[in-house]
Amino acid sequence: MPKDKVVVVDDDEFMRDSLMEALQRPDLNVVGFSRAADALDAVSDGSASVLLTDMRMPEMDGMELLLEARRLDPKLPVVMMTAFATVETAVEAMKRGAFDYVMKPFKAEELDLAINRALERHRLITENEYLRDELAKKFRNADFVGKSAAMKAVFEEIRQAAPTSATVFIRGESGTGKELVARSIHAQSPRRGRPLVKVNCAALSAGVLESELFGHEKGAFTGADKRRIGRFEMADGGTLFLDEVSEMDLNLQGKLLRVLQEKEFERVGSSETISVDVRILASSNRDLEKSIEAGEFRQDLYYRLNVISVELPPLRERKADIPALARHFLERHRREEGVRVRDVSDGAMELLCRYDWPGNVRELANVMERLVVLGRADVIEASQVENALPKNAARGLFKPSSGEAPVPDGGGGEEKGAAFRIRPLDDVEREFIVATLRHFDGARAKSAESLGISERSLRDRLKRWQEAGLVGEV
Ligand SMILES: Nc1ncnc2c1ncn2[C@@H]1O[C@H](COP(=O)(O)OP(=O)(O)OP(=O)(O)O)[C@@H](O)[C@H]1O
Ligand SMILES: [Mg+2]
């Protein structure tokens with residue numbers, strides 16, 4: 001076990017020596033200083049677990065040391081020592097972030113108690129930070145799925161942008177994963193231990209959005225019955241995600257631009273200037289260039305936001321991602337619901353891959369959820385997928401695919417259309433044959449025999465299906 005470093009500061013040499021002696025414990029490494037400035041050096045690298053300081057000292061006093069030390073190492077618990085006469089100062093110190101105080105003269109047990117509580121606090125905070133870190137790592141690895149070249153490029157862009165403080169503009173159709181990109185950038189950035197705050201610019205009216213972003217003072221407008229902190233302040237030290245920024249009104253765009261340039265602003269109804277350290281991410285599912293042409297979006301703001309741009313292609317342009325995404329959502333819902341479905345049949349997967357997904361990944365996630373929750377068997381079959389997709393789309397997917405008897409389309413009237421609802425039988429046959437081949441490790445002769453067809457007939461079918469892109473290598 002590494003020892004906990006306890007930093008003791010007292011200008012009175014006798015007092016300091018007796019404190020250090022009282023704290024002689026195998027689990028502690030105690031270092032003493034007579035000057036606050038020297039103690040700051042000792043805590044600046046984040047290696048200390050507790051700071052124990054006297055209040056009244058020449059040069060820098062305990063209060064100042066408290067503030068400086070907490071600025072250098074925000075997780076450091078500070079214990080103040082005060083004489084009875086200055087108990088008010090102790091209360092003031094607590095308000096300013098001291099963890100505890102002990103009143104002089106104190107007994108060894110009192111000191112021990114205060115130190116132990118402070119150590120415990122430090123341990124909790126450190127643990128918490130570690131867990132958050134782990135969570136951030138986990139998020140990065142497991143939750144953002146993509147195997148296509150396009151997504152690999154996106155991951156690479158994220159990896160490069162994340163460690164910087166640069167503004168990132170994330171574009172893509174609705175449901176392509178813009179919010180995931182924002183979360184992933186934050187989670188991989190040095191700001192990951194601080195909040196990621198999101199504002200949906202499309203959901204709020206201009207006035208509400210302004211006070212949401214910048215906060216307001218009590219009485220700033222009717223209904224402002226208390227002071228409220230805005231999202232910019234909440235995100236201090238962290239990241240602010242301006243979702244659907246294209247929907248912000250022009251006037252507010254001007255105010256936002258000023259904050260981005262000057263990194264400071266005022267709460268609504270206040271003249272006090274607040275400065276913050278916030279990294280900005282913004283998203284839009286609209287073509288901002290068009291909005292600029294139409295005079296709906298400020299070009300200068302666009303340049304400010306578009307320092308780095310990440311573009312998510314629609315799912316139909318990266319169909320290679322569909323199988324992995326489908327399995328990802330299946331697993332997720334399966335774990336959540338404790339249902340029996342555990343796989344997707346080849347035929348079902350094929351259908352999922354052929355559909356165009358106008359709602360992108362979100363639509364796929366929803367369809368998978370429905371399939372998993374409603375599924376009664378271990379495996380999701382093609383017919384279930386057909387039912388889960390919009391009717392017109394599904395019919396389109398079942399157009400004649402095997403080059404057999406031509407299927408009248410449309411002109412055949414309702415009766416015939418209904419008769420052709422048996423088309424999925426083809427899929428059933430195909431699935432069955434592929435499964436058999438897999439079972440026999442691709443051995444044609446054995447598979448044909450077990451299926452009760454000639455080897456040649458099996459080969460012909462496979463060839464036809466492969467040419468139509470319905471079956472991969474088996
Ligand atoms: N590559 C992906 N891997 C895993 N899940 C994804 C992926 N892309 C999107 N999702 C999931 O799809 C859903 C929609 O994604 P998200 O909310 O990030 O989209 P969006 O682009 O912000 O959409 P909108 O423009 O409608 O706000 C979420 O549940 C998200 O977790
Ligand atoms: Mg979104």
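**Ligand 1 and its surroundings**

Around ligand 1 sit 17 residues, with V145, S174, G175, K178 and R362 the closest; a residue is near a molecule if one of its heavy atoms lies within 4 Å of it. This is a predicted model, so local features need pLDDT of at least 70 and side-chain atom pairs count only at pLDDT 80 or more, while totals for chains, interfaces and linings use all residues. Residues are numbered from 1 along each chain as its sequence is written, chains are lettered from A and ligands numbered from 1 in the order in which they are written, and side-chain values use heavy atoms, with hydrogens and water left out.

Now for the polar contacts, meaning pairs of N or O atoms within 3.5 Å. An oxygen atom of ligand 1 comes to 2.6 Å from an N or O atom in the K178 side chain. The backbone gets a say at V145, where a polar atom is 2.8 Å from a nitrogen atom of the ligand. R362 puts a polar side-chain atom 2.9 Å from an oxygen atom of ligand 1. Taken alone, the ligand exposes 630 Å², and the protein buries 87% of that (Shrake-Rupley areas with a 1.4 Å probe).

Ligand 1 sits in the largest pocket. On a 1 Å grid over the protein atoms alone, a pocket is an open set of points where a 1.4 Å probe fits, with protein on both sides within 12 Å along at least five of seven lines; to sit there, a molecule needs more than half of its atoms within 2 Å of the grid points. Two or more shell residues come from each of α7 (178-187), α13 (322-337) and α15 (360-374), where helices are DSSP runs (H or I) of at least four residues and strands (E) of at least two. By type, the shell splits into 6 nonpolar, 6 polar and 5 charged residues, with Gly counted as polar.

As for aromatics, the structure holds 7 pairs (ring centres within 6.5 Å; planes under 30 degrees apart are stacked, over 60 edge-to-face, the rest tilted). F232 and F265 make a tilted one, at 5.6 Å centre to centre and 45 degrees between the planes. F232 belongs to helix α9 (residues 231-234) and F265 to strand β11 (residues 264-266), so the pair ties together parts 33 residues apart in sequence.

Most residues other than glycine have a negative phi, and most peptide bonds are trans. K104 and P105 are joined by a cis peptide bond, with omega about -5 degrees. E244, not a glycine, has a positive phi of about 55 degrees.

How values were computed: Polar contact = N/O pair within 3.5 Å; in protein donor to acceptor, adjacent residues only side chain to side chain. 1 Å grid on protein atoms, 1.4 Å probe; cavity = no way out; pocket = protein on both sides within 12 Å on 5 of 7 lines; lining within 4 Å. Phe/Tyr/Trp six-rings, centres within 6.5 Å; stacked < 30°, edge-to-face > 60°.
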